[in-house]
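Hi,

Here is the structure I promised to pass on. Have a look at it first, and my notes follow below.

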Amino acid sequence: MPGTVVVGLQWGDEGKGKISYLLSREAEYVVRFQGGANAGHTVVVDDKELRFNMLPAGAASGARPCIASGTVVDLNEVMEEVQLLKSIGVNVSPLISRNANIVLPIHRELDSMIEGMRSGEALGTTGRGIGPAYSDKALRIGIRIEDLLHREILENKVKFLEKAHGLKITGIDELAKLAENFIENICSLEIILNDLLDNGVNVIFEGAQGTLLDIDHGTYPYVTSSNTTVGAVLTSCGIGPRKISEVVGVMKAYTTRVGAGVFPTELKDESGVILRERGREYGTTTGRPRRVGWLDIPLTRYCIKINDVDWIALTKLDVLSGFDKLKICVEYELDGETVKLTSPSVRLLERVKPIYIELDGWPKLSKKDWEEISTKGWDSLPDNAREYVETIEELLGKPIKIVSIGARVGMEVVK
Ligand code: IMP
């Protein structure tokens with residue numbers, strides 16, 4: 001604190017929503033700094049499941065949500081999620097950077113068109129128009145939030161966009177109307193954030209997707225269109241590195257991935273099916289079944305390095321109970337030799353064979369058992385569960401400070 005960044009150390013869906021919520025309880029502001037409505041952050045408070053695509057999930061704690069310049073904004077989602085927050089008694093109005101680009105209906109159409117063209121090589125995007133919105137931004141033909149408030153500028157921009165894409169742009173009047181609801185909220189967010197951080201106010205920066213989906217540092221081209229790593233906080237929010245005091249890495253106790261791309265520890269057998277069902281591994285945004293596999297230490301070490309992670313929150317440990325043996329990939333083998341992973345090169349990862357260590361599992365516990373553990377704390381976890389966590393800590397060389405053992409807030413132990 002005051003500037004705490006939460007990033008994912010895998011391919012997304014690590015459970016960042018819940019961890020951000022836990023940390024946001026001590027913060028006044030929580031910021032989404034990249035991506036758009038492709039994210040699906042869930043937090044379960046008092047048995048009510050709250051899903052966020054566009055606003056940071058930490059906002060459910062009462063911290064004021066912010067949407068920074070580096071995002072691509074779906075205003076309809078913002079509107080819906082403000083209502084969702086109201087429904088749980090959280091009356092907050094989001095701060096939205098005037099510079100953020102917006103996602104238009106045409107971006108969704110282009111997203112599915114390009115995916116269609118790739119046929120067998122489709123990335124498996126979320127279909128939320130993220131890639132096309134970011135590419136319009138890079139081409140400097142994108143429409144920014146503030147443009148929605150200036151009729152003439154907007155009309156000119158739309159005309160040019162239509163020319164550039166050779167397609168009719170629809171839905172813009174609706175978006176301009178929607179933006180009127182947010183006139184008070186559209187702001188120079190970078191100035192506000194700098195002032196807040198200078199005054200020691202606690203701000204959480206809630207990452208979306210995971211490090212391995214980063215457009216520069218991930219498993220390109222099977223990635224998203226934004227930087228999902230810690231550097232994006234600086235560029236998106238316009239703050240300097242000294243404003244960040246802590247980087248928290250979130251990882252699942254096993255690995256999952258949605259969409260196409262390399263996945264060295266993927267489980268394609270019966271244990272994969274069991275893991276998927278027990279972990280309810282289906283996409284929050286798209287409902288797609290997630291691919292599942294064992295923990296991958298070389299890749300996670302890389303993600304820790306890229307983000308300069310201080311400590312780790314490990315999620316979904318409860319899902320692993322009932323397995324006789326648990327595997328952790330500690331190294332890779334290539335052509336009979338052990339190889340060091342220096343980058344998540346798709347060429348390399350496609351060819352490597354994981355080298356596993358095997359740990360003893362622990363018996364399946366009931367919901368009541370886990371609730372008891374969450375009350376009693378770390379020492380009450382089964383011995384083998386503690387050993388699993390401590391082995392990961394040792395292999396990664398970073399402390400695991402929070403172990404999440406269920407979706408609901410409260411179902412976690414702090415080490
Ligand atoms: P896009 O971000 O919709 O363009 O999708 C690009 C890739 O990132 C696809 O493989 C998606 O499944 C993946 N992806 C995007 N957002 C998320 C997320 O929030 N969790 C997990 N995977 C995601």
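Which residues does Asn-53 touch, not counting those up to four places away in sequence? The contacts are Arg-32, Gly-36, Ala-37, Ala-39, Gly-40, Glu-77, Glu-81, Arg-128 and Thr-285. Before you read on, keep in mind that this is a predicted model.

Asn-53 sits in the loop between strand E4 (48-52) and E5. Its relative accessible area is 12%, so Asn-53 counts as buried, the cut-off being under 20%.

Next, on to E5 itself. Arg-64 is part of this strand, which covers residues 64-67. With a relative accessibility of 27%, Arg-64 is partly exposed. If you skip the neighbours within four places in sequence, Arg-64 has contacts with Glu-28, Tyr-29, Val-30, Ser-93 and Leu-95. I also looked at Arg-64 against Arg-291: they are 227 residues apart in sequence, and their C-alpha atoms are 34 Å apart in space.

Now the domains. The protein is split into domain 1 (3-96 + 186-249), domain 2 (101-179) and domain 3 (251-414). Between the C-alpha centres of domain 1 and domain 3 there are 23 Å. Their contact involves 41 residues from domain 1 and 42 residues from domain 3.

Helix H5 (residues 151-165) and helix H6 (residues 172-180) have axes that come within 12 Å and cross at roughly 150°. Angles over 145 degrees count as roughly antiparallel, so that is the label for H5 relative to H6. The crossing of H5 past H6 is right-handed. On the H5 side the contact is made by Arg-151, Leu-154 and Val-158, and on the H6 side by Ile-172, Asp-173 and Ala-176. By type, the residues of this contact are four nonpolar and two charged, with no polar ones.

Is His-150 buried, exposed or partly exposed? Its relative accessible area is 40%, so His-150 is partly exposed. As for distance, His-150 and His-165 are 15 residues apart along the chain, with 22 Å separating their C-alpha atoms.

That's what I have for now.

Cheers

How values were computed
Residues numbered from 1 in each chain as written. Predicted model: local features only at pLDDT ≥ 70, side-chain atom pairs only at ≥ 80, totals over all residues. Heavy atoms only, no water. Axes fitted to C-alpha atoms, helices over the stretch in contact; angles between N-to-C directions. Helix = DSSP H or I, 4+ residues; strand = E, 2+ residues; numbered from the N terminus. Parallel < 35°, antiparallel > 145°, perpendicular 65-115°, else oblique. Left-handed = near helix turned anticlockwise from the far one by under 90°. Contact = heavy atoms within 4.5 Å. Nonpolar A, V, L, I, M, F, W, Y, C, P; charged D, E, K, R; others polar. Buried < 20%, exposed > 50% of the residue type's maximum accessible area, 1.4 Å probe, protein only. Domains from an automatic or database assignment.
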